[in-house]
Structure formats: structure tokens, C-alpha cells
Amino acid sequence: MKKSLFISLCLMAGLLVSCMKGEFAPSPESYTYPDGFQAGKTYTAIATLKRAPDGVVYLQVNENLKIVAEHPGLDPLWEQAGGPARVYCQFHLIEKHAVKYYWAEMEWYEFVAMWDGTMVQDGGDDGLDIMDDWMTSLEDGFLTIHYSAWWGRGNIKHFIFLERDGLYTFRLIHEANGDERIEKTDALYCLNLDFIADIFDEEHNTITIKWKTCAGQPAEKTFLFKGRDN
């Protein structure tokens, strides 16, 4: 896992992105946007890239806002990702509405680096500091973290992964592989947790993430688990 210079420069915003194919019938509520969103305004967000059963590729910004994009659309993103993914992006809502979706012009986007399931055996834990802000969330089956950690000269691969610490508890590990502590930098990272959706019921609907801070202190945070609706 390599730190993203783009994210390091761009982090600090507040909310949302997506694409389509096929025809959509007009909606009688053409320009009524949910949750205070407005046409003509630009938003920054971390959204989930999805493909509907009918083939439409879109970005799920929150529970009520799904966006599709014009020129060139989001199909290339889906092909690049190869499945659901988290996307850090900025988009501009336009006054054009379709059933289930809202239209947007994409201003920029970047995939959030994602855990591939690799676990480092007998590795160390170099710690990280997780920011308690809007970017740190558990949505659509993805645990997304905005964190800060120490980095060296950029030629050593770091790993961030989860170890199970109980049925509803996980330990987040940062393995720096001996990299030097030269610069402390912010970044984004996500972990696909949709595979644990079947352990939850009405009585148990949260998970706890534990980690070690850069100062070596124990920390933890509890998240309401929200699985992915396809």
C-alpha cells in the first residue's frame, strides 16, 4: 500500500459521484433533491461505486442520493475496479433527473486504496492515528478510514489489514516493514467487510475496531454495521 500524494493534498472537504447507460423515464419530482442537496452546487464525497442489476453504473453518495454521470460516464471506473469500490470525488449536480438517479458532472475522482485480504504473518504493528471525522465511516459494507501515519522515502510497501479479535471485534494493524519515520502524512484507506454481514441481527448490529496509535497507546471505535444493498 502506497500513500496517495493526491489525497494528502486534497483531504479536507465535506460530502459526494457516478454514471449510466440505457434510457430513463422523466420524474415528476425532476429537481427535488434529497437531504438538502441542490442542483448547481458542487460537493465532495466518498461514495460507493456500484452496478445495478440492469447494468447501470452509479455512485451511492448516501442512502438517498445515487448519481450517474455524463461524459464519459462511470462504466470505465467499474471496469477498472472490477467490482464495488470506494471513490473519493467531487461532483457538480445538474438539473436533470432520472428514475432512481440524479445527474452530475464529475470534476475529479480517485479510488480509495483498498485492502486485498492480505495478512502479514508475524509482522509488527507500527501504529496509526485514525481521524474522527466524516471520512471515517462504515457504509455499504466498507470500513473507510482517514488516518495519519509515519512514512519514509516512499519505496517501501506498507500494509494495513484486520485481524479478528472476537465475533464483533477486529484489530487494525499497520505494518510499515521497517520504513523510516521521516514524514507523518494523512491518507484514506478502506476495507471491504461485506463478507461478515451474515453475523449481524437485530440484537447485534455494531462492530468494534481496535488499533494502536502512533504514540503506542491503545484506541478503539465502535461502528454501526451497514451492509451493502445491491
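How many aromatic pairs does the structure hold? The count is seven. Keep in mind that this is a predicted model.

The protein has 230 residues, and 48% of them count as buried. Its secondary structure comes to two helices and 13 strands. The accessible surface is about 11,700 Å², with 48% of that belonging to carbon and sulfur atoms.

**Aromatic pairs**

Back to the rings, then: the structure has seven aromatic pairs. Take phenylalanine 37 and tyrosine 43: their planes sit at 70° with the centres 4.9 Å apart, so this pair is edge-to-face. The cut-off for that label is over 60 degrees between the planes. Both phenylalanine 37 and tyrosine 43 are buried. Tyrosine 43 also forms an aromatic pair with phenylalanine 91, and this one is tilted, with 5.9 Å from centre to centre and 35° between the planes. That pair ties together distant parts of the chain, since tyrosine 43 belongs to strand β1 and phenylalanine 91 to strand β4 (residues 85-98), 48 residues apart. Put together, ring pairs link Phe37, Tyr43 and Phe91 into a cluster.

Now for strand β2, which covers residues 57-60. Which way do its side chains point? Val57 and Leu59 go one way, while Tyr58 and Gln60 go the other.

Strand β2 has pairing partners in β1 (residues 42-51) and β3 (residues 66-69). Here's how the two pairings look:

| Strands | Sense | Bridges | Residues between the strands |
|---|---|---|---|
| β1 and β2 | antiparallel | four bridges | five residues |
| β2 and β3 | antiparallel | two bridges | five residues |

What about individual residues in these pairings? Leucine 49 has leucine 59 in β2 as its bridge partner. Glutamine 60, for its part, stands opposite lysine 66 in β3. In the hairpin of β1 and β2, glycine 55 takes a positive phi near 95°. Strands β2 and β3 form a hairpin as well.

Technical notes. Residues numbered from 1 in each chain as written. Predicted model: local features only at pLDDT ≥ 70, side-chain atom pairs only at ≥ 80, totals over all residues. Heavy atoms only, no water. Buried < 20%, exposed > 50% of the residue type's maximum accessible area, 1.4 Å probe, protein only. Pairing = 2+ DSSP bridges. Phe/Tyr/Trp six-rings, centres within 6.5 Å; stacked < 30°, edge-to-face > 60°. Areas by Shrake-Rupley, 256 points an atom, 1.4 Å probe, with all protein chains shown as cover.
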